[in-house]
Every structure is written in C-alpha cells, then in structure tokens.
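Dear colleague,

I am handing over the structure we spoke about, and below it you will find notes on what was found. Please read them with the structure open beside you.

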Amino acid sequence: TYGVRMKPEMAATVGAKAAELGITLSVHAPYYINLASYEDEKVAASRQRILDSCHRAHLMGARKVVFHAGFYQKRTPRETYRLIRREIIDLQRHIRKEAWPVALCPEITGKPSQFGSTEELLELMQDTGCDITVDFAHLYARNQGVIDYGAIMAQLPQKFHAHFSGIEYTAKGEKKHIALTEDFFQPLAHALLSHKTDITLICESPRPMNDACMMKRLIRALSRP
C-alpha cells in the first residue's frame, strides 16, 4: 500500500506458493492515488501505480486490485465521478490489451472528503463494469457510526470483495484501523448470513490473523442450526 515494491520474480514465486496452498490472493494498490487530481502528473502517476499493481496481481494469480480512487477537492461529486469513470474505462482498456485477468475494485472510503460512497461505487460498477470493494469499517466511519448493515446488503451485488476491521473515527471520518472485537463484528456477521452473500472478507485489523480467526469462528457458530 506504500508503493509497488514487489519485484515481478517475487510476485511469481508468491503466486506459485499461494496456488500450492489453495490461497486466493488480492492486491491493494498504493494509497497515493488520485484519479481526479488537478495535476496531470499526479493522475499519470496514479494510473501507473494501478497498472503496476495489476501487473503484479497478474503474476501472482490475484484477480482483485483494490484502490482508493480519488478526492473531491474543490470539484463537485458529479465532476469527480465523471473524471474517475473516464480513467477507470481507460485503465480497463489497457488491462484488456495486456490480457491481464484482473478486475479493478475501487473501494468505499472512510472520509466524506474522499470519492467512494456506496452509491458512487455502485453507479461506477454499473457504468464501467468494474468490481468494487466494500469496506464496512470505512462505511461505519464515513457515516459517523450510524449503519444499517441489512439495508446496505440489500443494495449490494450477490458476490463482492470486502474489508472489515475495528475503526476509530472523528468528525472528518476515518482516523485509523484498530483491533476488532466480537461485539463489533456480530451485527455485520448476522447481515452477511441473512443475505447469503458470496464474498471474500479481508480482515484489516492491526492483528489480522487473530481477528480473522475470530471472525471465522463467529460466522461458523452463527451458521449452526
């Protein structure tokens, strides 16, 4: 997330090991992306970071490339949407030309100043055919802790890529990811099971392995008749 630092040779090695172990991989592109920047060089650099991430994803056998698409700055949400839609379409053209079997998955973002509300991403998915990443913790922070997971699930496709963690936020939205508790995860777990979704849910807690195991245990416990 701080730069595309993995060499192509290492990406291929990681991909081979993941295939051997039956692990599905995804890639999170660097944070420094703004496809709606006022500065052309920043847009070009953002595009290159996404394409470099797609290339490594291809070498690893990863199918989803996640990124934060941009910021409104002084533009209206609709102006920002049009710019990002144009860039997504152009990036997809490049990906098809390279024959990389990867999907762009712009992510729901945690601050109101960032492009990436649920409604914007669903519209972007419909307009461009891209996939999306539903970060439920970002959504929780973006909405100042007011969230109805059932209502959100009703808007989403049956199959999607998702993130979750504990989250600390201020009036400006997301501040940082924090450790996840069972009580915080339980409402989302109930909604996921109620809607019978087919999702990949990545734990982005500072203790990802422990909290991912907790999430899996809770899902299994709630699934029992």
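In this predicted model, the contact between helices α3 and α4 brings together Pro77, Arg78, Tyr81, Ile84, Arg85, Ile88, Ile89 and Gln92 on the α3 side with Glu120, Glu123, Leu124, Asp127 and Thr128 on the α4 side.

Helix α3 itself covers residues 77-98, and its 22 residues span 31 Å from the first C-alpha to the last, which is close to the 32 Å expected at 1.5 Å a residue. Its buried residues are Thr80, Tyr81, Leu83, Ile84, Glu87, Ile88, Leu91, Gln92 and Ile95. In an α-helix there are 3.6 residues a turn, so residues three or four places apart point the same way. The buried residues of α3 pack against the helices α2 (40-60) and α4 (118-128), and also against the strands β2 (64-67), β3 (70-71), β4 (103-106) and β5 (114-115). After α3 comes alanine 99, which has a positive phi, near 60 degrees.

Turning to the strands, you will find an open sheet of 3 strands in the order β6-β7-β10, with parallel pairing. Its edge strands, each of which pairs on one side only, are β6 (133-135) and β10 (198-203), and neighbouring strands of the sheet are turned against each other by 25 degrees on average, direction ignored. Strand β7 (residues 159-164) runs parallel to β10 and is joined to it by 6 bridges; within this pairing, lysine 159 has aspartate 198 of β10 as its bridge partner. Helix α8 (residues 208-223) packs on this sheet, where it touches β7 and β10, and its direction makes about 145 degrees with that of β10.

With kind regards

How values were computed
Residues numbered from 1 in each chain as written. Predicted model: local features only at pLDDT ≥ 70, side-chain atom pairs only at ≥ 80, totals over all residues. Heavy atoms only, no water. Pairing = 2+ DSSP bridges. Helix = DSSP H or I, 4+ residues; strand = E, 2+ residues; numbered from the N terminus. Axes fitted to C-alpha atoms, helices over the stretch in contact; angles between N-to-C directions. Contact = heavy atoms within 4.5 Å. Expected span 1.5 Å × (residues − 1). Buried < 20%, exposed > 50% of the residue type's maximum accessible area, 1.4 Å probe, protein only.
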